[in-house]
Amino acid sequence: MFKNFFSKQNVGENQVFFSKSVDFLKDRLSRFLIESGDSEDTWDELFEMLISWDVGFVTSERLLETIKERLKSKQFNRLDIIKELKNEIQDLLFFENKIVFERSQDSSMVILMVGINGSGKTTSVAKIANLFSNQNYKVLISAADTFRAAAVDQMKAWGDSLGIEVIGGNQGSDSGAVVFDSMEAANARKSSVVIVDTSGRLHTKTNLMDELKKIYRIISRYKKSEEVKVILTIDAGIGQNSLLQASSFLQSIPCDGVFLSKLDGTSKGGIVIAIAQELNLPVLFMGTGEDVSDISQFDSELFVSSLFGEIEL
Ligand code: GDP
């Protein structure tokens, strides 16, 4: 059901979403291919290119090692290196991510959005809610970020503008109680999709992680584990720091994938590759602007072909 809904034609028109990253890489790849240089220069240049694209040190090193290994017994030029780079990135990004949204029409789903404050979590909740609502699913939003001032109001304002019911408590109230009320309301209204916004206090605070575990336990009383999807919001603009934050969340709660927000604002889309390699998580959605419609399902083939498409490989 959801598989069709998140089909390529829905993301096609959003191709410009990471144009800054595409332009950045296109420029760097062209420069790389024009240069000749001896072999050490070649690998240094490639490494520098990956680092500046925010692929990160660890992942860049691994990519280089793999490409060297693949080419070691062959005569090769710089174009061959880029071909191998493209293949390797494609392999790394291949995840069965669409499974997350495959379900029968009768079953229901809870999406728990986690991530630090400012990562775009609340906006991303509204975007996903709108996506489902537009497909005639009965959606309910649980505004369980009771810590950040105005977070509940922000969520309710989104709900009002989208015509989606929001259950929320007062600032400082118990987020577990909000989630409990939301699950009860979802049962009563027969909502098929519940999306929970959670608090995003700094990841080093253990009470935040305890709170997330508690929320997860409450949801588990109502739903089977396969009906609960945890999505981590990561701000693409903050690059490698986001990986550290993500690791902290992953220690407390199992995540199914990433909502990579603010890709429109950065040229450093290489973070997608680091997320796949270092967190072993698929990017499920991309945030491509501040509007509720600025969302795309991540499609690795489309991503790679957009990046390398202009080069004759
Ligand atoms: P939260 O604290 O994690 O809930 O973050 P918010 O949802 O309040 O978002 C923080 C800021 O980022 C707001 O100004 C949003 O409009 C903005 N924002 C969220 N997602 C995106 C995105 O995909 N692109 C851009 N350009 N801005 C975004």
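1. In which helix is the place of W43? W43 belongs to helix α4, residues 39–52; helices here are DSSP runs of H or I with at least four residues, strands are E runs of at least two, and both are numbered from the N terminus. Before going further, please keep in mind that this is a predicted model, where local features need pLDDT of at least 70, side-chain atom pairs count only at pLDDT 80 or more, and totals for chains, interfaces and linings use all residues. Residues are numbered from 1 along each chain as its sequence is written, and side-chain values use heavy atoms, with hydrogens and water left out.

2. W43 is buried, at a relative accessible area of 7% (buried is under 20%, exposed over 50%, partly exposed in between, with a 1.4 Å probe and protein chains only). Leaving aside neighbours within four places in sequence, W43 is in contact with L64, I67, K68, L71, F76 and I81, where contact means heavy atoms within 4.5 Å. W43 and R78 are 35 residues apart in sequence, yet their C-alpha atoms are 9.6 Å apart in space.

3. R78 pairs with E45 at 2.7 Å, N to O. This pair links distant parts of the chain, with R78 in helix α6 (residues 78–93) and E45 in helix α4, 33 residues apart. R78 is buried, with a relative accessible area of 7%, whereas E45 is partly exposed at 26%.

4. What do the side chains of D91 and R70 meet in? They form a salt bridge of 3.7 Å, N to O. D91 lies in helix α6 and R70 in helix α5 (residues 57–71), so the pair ties together parts that are 21 residues apart in sequence. Both partners are partly exposed, D91 at 47% and R70 at 32%. Through shared partners, salt bridges join R70, E84, E88 and D91 into one network.

5. Another salt bridge to look at is E69 with K72, whose closest N and O atoms are 2.7 Å apart. E69 counts as partly exposed at 48% relative accessibility, and K72 as exposed at 58%.

6. Now the ligand. Of the 17 residues around the ligand, G118, K121, T122, T123 and E290 come nearest (a residue is near if one of its heavy atoms lies within 4 Å). The most residues in this shell, four, come from α7. By class, the shell has one nonpolar, 10 polar and six charged residues.

7. Which atoms of the protein lie close to ligand oxygens? A polar backbone atom of G118 is 2.7 Å from one oxygen atom of the ligand, a polar side-chain atom of R148 is 3.3 Å from an oxygen atom, and a polar backbone atom of K262 is 3.0 Å from an oxygen atom. The protein covers 80% of the 590 Å² of accessible area that the ligand has on its own, by the Shrake-Rupley method with a 1.4 Å probe.

8. Finally, please check two backbone angles. K262 has a positive phi, near 60°, and is found in the loop between β6 (257–261) and α12 (271–279). N136 also has a positive phi, near 65°, in the loop between α7 (121–134) and β2 (139–144). K262 is partly exposed at 35%, while N136 is exposed at 73%.

Methods:
A polar contact is a pair of N or O atoms within 3.5 Å; within protein, one must be able to donate a hydrogen and the other to accept it, and residues adjacent in sequence count only if both atoms are side-chain atoms. Ala, Val, Leu, Ile, Met, Phe, Trp, Tyr, Cys and Pro count as nonpolar, Asp, Glu, Lys and Arg as charged, and the others, Gly among them, as polar. A salt bridge is a side-chain nitrogen of Lys or Arg within 4 Å of a carboxyl oxygen of Asp or Glu.
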